[in-house]
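Work through the exercises below with the model in view. Try each task before you read its solution.

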Amino acid sequence: MASRRIEAKTVIITGGTGGIGIETAKTLLETKQYKLILIGKDPEKLKKTAKELDPSNDLVQTFACDLAFPDQIKKTIEKISVLNARSGIYAVINNAGVYPFGNATNTTLTGWNEAMDINLRAAFLMIQGVLPLLTKSIGGARIINVSSTAGILPNHFALAYSVSKAALIHLTKTLAKELGKDGITVNCLCPGIIKSPMHEAYHPSEGELEEFYAKRGSIIPLGRVGEPSDVAGAIRFFLSPEASWLTGDVCVIDGGRLLL
Ligand SMILES: NC(=O)c1ccc[n+]([C@@H]2O[C@H](COP(=O)([O-])OP(=O)(O)OC[C@H]3O[C@@H](n4cnc5c(N)ncnc54)[C@H](OP(=O)(O)O)[C@@H]3O)[C@@H](O)[C@H]2O)c1
């Protein structure tokens with residue numbers, strides 16, 4: 001009997017050009033079960049990332065979109081909807097994020113809005129816009145929100161970031177309750193400190209960055225900071241059939257840091 005070809009499922013990854021996004025894309029492509037739609041702000045970075053991940057150019061699509069702007073999100077989803085009208089979308093991974101610094105005294109309105117717009121509102125708008133496509137996915141669909149341990153135990157000097165990530169956890173639970181009847185699971189990952197370009201911006205030299213990772217890693221029970229692959233592996237699991245009865249979960253990936 002001829003073996004039936006298994007259709008690759010389509011997964012959207014926002015922040016697809018960042019440290020965790022690229023590693024997630026690599027990990028999912030390795031399984032040969034998924035086609036990817038990567039969303040990022042910078043079109044050049046997107047082009048370069050897609051070329052490296054998928055030289056044959058048939059498994060990765062890219063859409064440049066500044067997630068701070070609802071009209072750009074709407075237009076991007078319209079394009080995705082046209083291309084995926086028949087088969088739907090299996091999963092959306094809301095991973096894009098920004099880290100504005102600031103405490104109670106000096107958080108600016110710009111920083112506050114940036115955190116809320118990109119870390120929280122964009123995730124909601126992506127989910128709301130893609131929902132009709134998720135419900136078309138045969139056998140159910142998945143939503144994964146990448147929050148942070150800062151959403152559980154606030155980070156020093158990252159007020160707006162911590163608040164936005166806490167709200168993302170609650171958005172996850174609220175949607176999990178509502179969307180279960182549609183066969184959609186909604187889960188949240190809370191990484192601790194992960195090596196990624198997010199930290200490079202604040203540490204001008206490589207030496208300084210390595211020192212920062214070593215210092216932070218030394219106080220973590222598992223003795224090191226995280227790698228993007230630590231998060232990508234969890235995402236792969238939450239997309240897998242083994243995770244089909246998991247919803248509303250808040251999965252902490254931090255080497256034990258929150259236990260201290
Ligand atoms: N690294 C950590 O220690 C850590 C810890 C806990 C949680 N997290 C969370 O994990 C997620 C991924 O972080 P990462 O470490 O991979 O960060 P990263 O390397 O800085 O990547 C951030 C990604 O978000 C995208 N992005 C930022 N602003 C955007 C906007 N306005 N519109 C569209 N895309 C935008 C970036 O695209 P462009 O490059 O095109 O701007 C990039 O692809 C974030 O939500 C972060 O909060 C990270």
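**Exercise 1.** Find the handedness of the crossing of α4 and α5.

*Solution.* Start with the elements: helices are DSSP runs of H or I with at least four residues, strands are runs of E with at least two, and both are numbered from the N terminus. This is a predicted model: local features need pLDDT of at least 70, side-chain atom pairs count only at pLDDT 80 or more, and totals for chains, interfaces and linings use all residues. Residues are numbered from 1 along each chain as its sequence is written. Next, locate helix α4 at residues 109-134 and helix α5 at residues 159-179. Their axes are 8 Å apart, at an angle of about 15 degrees. Therefore α4 is roughly parallel to α5 (angles under 35 degrees count as such). Axes are lines fitted to C-alpha atoms, for helices over the stretch in contact, and angles run from 0 to 180 degrees between N-to-C directions. The crossing is right-handed: the near helix is turned clockwise from the far one by less than a right angle.

**Exercise 2.** Name residues where α4 meets α5.

*Solution.* Contact requires C-beta atoms, placed from the backbone, within 7 Å. In α4, the residues include W112, M116 and F124. In α5, Y161, L168 and L171 are among them.

**Exercise 3.** Give the strand order of the open sheet.

*Solution.* Strands pair if DSSP finds at least two bridges between them. The seven strands run β3-β2-β1-β4-β5-β6-β7, with parallel pairing. β3 and β7 each have a single partner strand, so one side of each lacks a neighbour in the sheet. One partner pair is L38 and T62.

How values were computed: Angles under 35 degrees count as roughly parallel, over 145 as roughly antiparallel, 65 to 115 as roughly perpendicular and the rest as oblique. Two residues are in contact if their C-beta atoms, placed from the backbone, lie within 7 Å.
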